[in-house]
Amino acid sequence: MLASRGEEVTVMKGWTGKILRVDLSREKSTVQEFGADFALKFLGGRGFAARILWDETKPGISPLSPENPLVIATGPLTGLPLPSSGKLVVAAKSPLTGGYGDGNMGSWAAVRLRKAGYDAMVITGAAREPKYISVADESVEIRDARDVWKTGSFEAEKRLKEKHGRSVGVLTIGQGGENVVRYATILSQEGRSGGRPGIGAVMGSKKLKAVVIEGTKEILLSDEKKLMELGQEGYRHVLSKPNYDMWKRQGTLLVLEWCQANCVLPTYNFREAVFEEAANIAGEAMEKLKVSQRGCPNCNMTCGNVIEDIEGHPSELDYENVAMLGSNIGLGDLRKVAYLNRMADDYGLDTISLGNTIGFMMEASEKKLLKERFEWGNYDDAKRLLEDTVRGEGAGKLAAKGTKAAAEELGHDSSRWAMNVKGLEISAYNCHSAPGMALGFGTCSIGAHHKDAWVISWEINAGRESYGPEKVAKVLEFQRIRGGGFESLVTCRFPWIELDFELEWYPRFLEAATGTRITMDDINTVGDRIYSLIRAYWVREYGSKWSRAMDYPPARWFREAPTKGAQRGVMINSQGYERLLNEYYERRGWDKNGIPHAATLQKLGLGDVAKVIGSQ
Ligand code: PTT
Ligand code: SF4
């Protein structure tokens with residue numbers, strides 16, 4: 001476990017064994033050490049964040065209060081010369097959902113943090129005036145950020161690099177985070193965004209504009225030579241994969257055409273699942289406009305495709321951004337979508353929640369529930385709403401709260417078409433005809449994110465109409481590998497999921513780095529531990545308000561079928577969904593309300609957690 005002050009900890013390999021803690025209220029920093037038991041039990045990234053937040057968030061605190069710790073965590077593979085290892089996890093109690101929240105982003109800050117000698121940072125308290133934290137190996141300073149406050153994330157990063165040198169890693173917020181928009185994210189490198197459930201707003205509530213990291217040390221490894229060899233071999237193997245060329249051409253935008261063909265493209269606030277102008281915003285259209293390609297550190301399959309937006313600025317596109325700010329709001333002009341996307345990056349807002357919220361407001365306007373008018377596909381309306389959201393003006397005041405709170409305020413049964421689970425807006429897959437994916441969204445550890453159980457591509461091949469146990473098994477398998485493994489190792493999952501880079505590589509990497517044999521089974525157990533711990537966190541925070549209804553997708557998918565495409569008329573069957581959920585709880589060792597049984601927690605080494613939530 002985490003060591004108390006003065007306690008001796010064995011030096012480990014692979015992990016630095018150190019967490020940097022910065023208290024903004026007291027303007028103090030300390031270093032906390034941890035030992036092999038903590039490292040092996042939680043690995044890193046999401047695992048560390050979940051345990052730290054469980055231990056250190058006082059139940060019931062406001063996510064925007066100084067008491068909410070902000071965790072930045074890497075894993076034992078982060079920053080090593082291995083494929084796609086330049087990622088980190090940002091986490092806190094979410095101001096959007098009130099539960100556990102995190103995000104995974106690529107940034108040089110990930111590599112630099114490890115090289116500065118830390119596996120994680122925990123930031124507590126709040127500053128009175130805007131500040132940023134500068135870390136350079138052992139030197140940690142809390143510095144004045146008034147000159148970068150009220151600037152966008154691009155300008156802030158640029159100015160901080162002018163001050164600290166081009167090699168630093170920078171994590172920053174834009175005006176969205178400063179103004180605590182509930183789905184503000186943390187940004188890096190003009191196109192890497194992390195922390196969908198409002199982790200940027202938590203940073204803003206601390207008046208923390210940025211974290212700037214320089215690190216010059218080597219990470220202590222068990223077998224450096226072996227790790228270098230494996231890394232080289234791994235990179236070559238990635239290059240040899242048959243999908244590599246197509247991936248480099250289109251990256252995640254490949255998915256848009258597939259979603260349209262399979263009738264799962266979110267369109268008009270998830271009312272429809274095909275978009276008449278899909279071809280204009282799909283991968284091929286992007287290829288014609290592409291001006292450059294960017295990516296995360298240590299990656300040889302860089303997937304950030306940059307085009308010029310309608311106003312001539314570079315904008316980096318991913319599938320989720322384009323679907324949510326394109327088809328979901330009825331906008332079929334890629335360069336206009338790119339402009340909205342760039343604004344979201346600069347202001348630091350999550351494009352998925354933003355696209356959902358704009359879609360929700362357009363539908364509310366169509367239903368005459370708002371004074372202001374927002375028309376489907378109208379670029380100027382979308383732009384105005386985005387700006388008002390950041391400023392908290394007009395209808396933007398409502399939009400800044402996210403769809404769940406906005407619907408509660410708006411009434412008129414609008415929760416039915418407020419497309420979120422647990423308050424986190426649904427990512428870009430319309431699940432009217434994909435119940436397995438709906439279960440993945442329903443049970444994802446942070447709300448409706450596809451990051452954990454993206455089973456939709458498997459499901460469409462396996463048979464979308466089934467409500468059988470094979471769907472539950474797939475959701476669990478993916479939640480273990482994706483939600484547990486990749487989130488705690490911490491590396492990018494794309495080599496595996498997109499190019500079939502075999503999972504067996506990861507235990508080999510881990511052994512060379514740490515000297516410990518950690519199998520895929522061990523990693524899966526960590527995944528289960530993390531999932532039950534995060535579930536306990538939600539249960540603790542929601543108390544008597546917690547129920548299995550929290551694991552339900554929105555009513556639209558059960559009650560209003562799409563009217564176009566091959567899947568028109570198809571909806572999720574509620575009894576079928578109930579069956580899936582029951583089976584899911586049973587396999588997880590959770591009760592009928594989705595609360596982990598005491599025996600389950602005990603088996604996962606979380607006996608102390610069981611007592612707090614009163615598990616049976
Ligand atoms: C992620 C979510 C995603 S998931 C996308 S596109 W995707 C959206 N990207 C946004 C963006 O961009 N700007 C913005 N203002 N908001 C955005 N919101 C959306 O955020 C991302 C890639 C992608 S692109 C994906 S799937 C994979 N995600 C990984 C993950 O979660 N874990 C992991 N171990 N590896 C992953 N690899 C891939 O990384 P959140 P990034 Mg992102 C601009 O953070 O909160 O998890 O939400 O990190 O560096 O941009 O890379 O089709
Ligand atoms: Fe980043 Fe894309 Fe490389 Fe993954 S594949 S590390 S998201 S550039």
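1. For the class counts used here, Ala, Val, Leu, Ile, Met, Phe, Trp, Tyr, Cys and Pro are taken as nonpolar, Asp, Glu, Lys and Arg as charged, and the others, Gly among them, as polar. On that basis the shell around ligand 2 holds six nonpolar, three polar and two charged residues. The model is a predicted one.

2. Which residues surround ligand 2? They are Ser-84, Lys-87, Arg-192, Gly-295, Cys-296, Cys-299, Met-301, Thr-302, Cys-303, Cys-492 and Phe-494. The site of ligand 2 is the largest cavity.

3. Ligand 1 also sits in the largest cavity. The elements that contribute two or more residues to its shell are β5 (100-106), β11 (192-194), α12 (319-325), α13 (334-347), α14 (351-366) and α20 (469-489). Of these, β5 provides the largest share, four residues.

4. The shell of ligand 1 numbers 31 residues, and the closest are Gly-106, Ser-193, Asp-345, Asp-350 and Glu-487. By class this shell has eight nonpolar, 13 polar and ten charged residues.

5. Several polar atom pairs involving ligand 1 can be checked in the model. A polar side-chain atom of Lys-87 is 2.8 Å from an oxygen atom of ligand 1; Lys-87 also belongs to the residues around ligand 2. An N or O atom in the side chain of Lys-451 lies 3.0 Å from an oxygen atom of ligand 1.

6. What is the volume of the largest pocket? It comes to about 360 Å³. The pocket is lined by 15 residues, of which Lys-404, Asn-420, Lys-422, Ala-549 and Tyr-552 are the closest to its centre. Both α17 (403-410) and β16 (420-421) supply at least two residues of this lining. Its composition by class is eight nonpolar, three polar and four charged residues.

7. As for the whole protein chain, its secondary structure amounts to 27 helices and 17 strands. The radius of gyration is 22 Å, close to the 25 Å that the globule rule gives for 616 residues, so the chain is as compact as a globular protein of that length. Along the principal axes, the C-alpha atoms fill a box of roughly 65 × 55 × 50 Å.

Technical notes:
Residues numbered from 1 in each chain as written. Chains lettered and ligands numbered in written order. Predicted model: local features only at pLDDT ≥ 70, side-chain atom pairs only at ≥ 80, totals over all residues. Heavy atoms only, no water. Near = heavy atom within 4 Å. 1 Å grid on protein atoms, 1.4 Å probe; cavity = no way out; pocket = protein on both sides within 12 Å on 5 of 7 lines; lining within 4 Å. Sits in = over half its atoms within 2 Å of the grid points. Points joined across faces, edges and corners; volume = space filled by probe spheres on them. Polar contact = N/O pair within 3.5 Å; in protein donor to acceptor, adjacent residues only side chain to side chain. Rg over C-alpha atoms; globule rule 2.2 N^0.38 Å.
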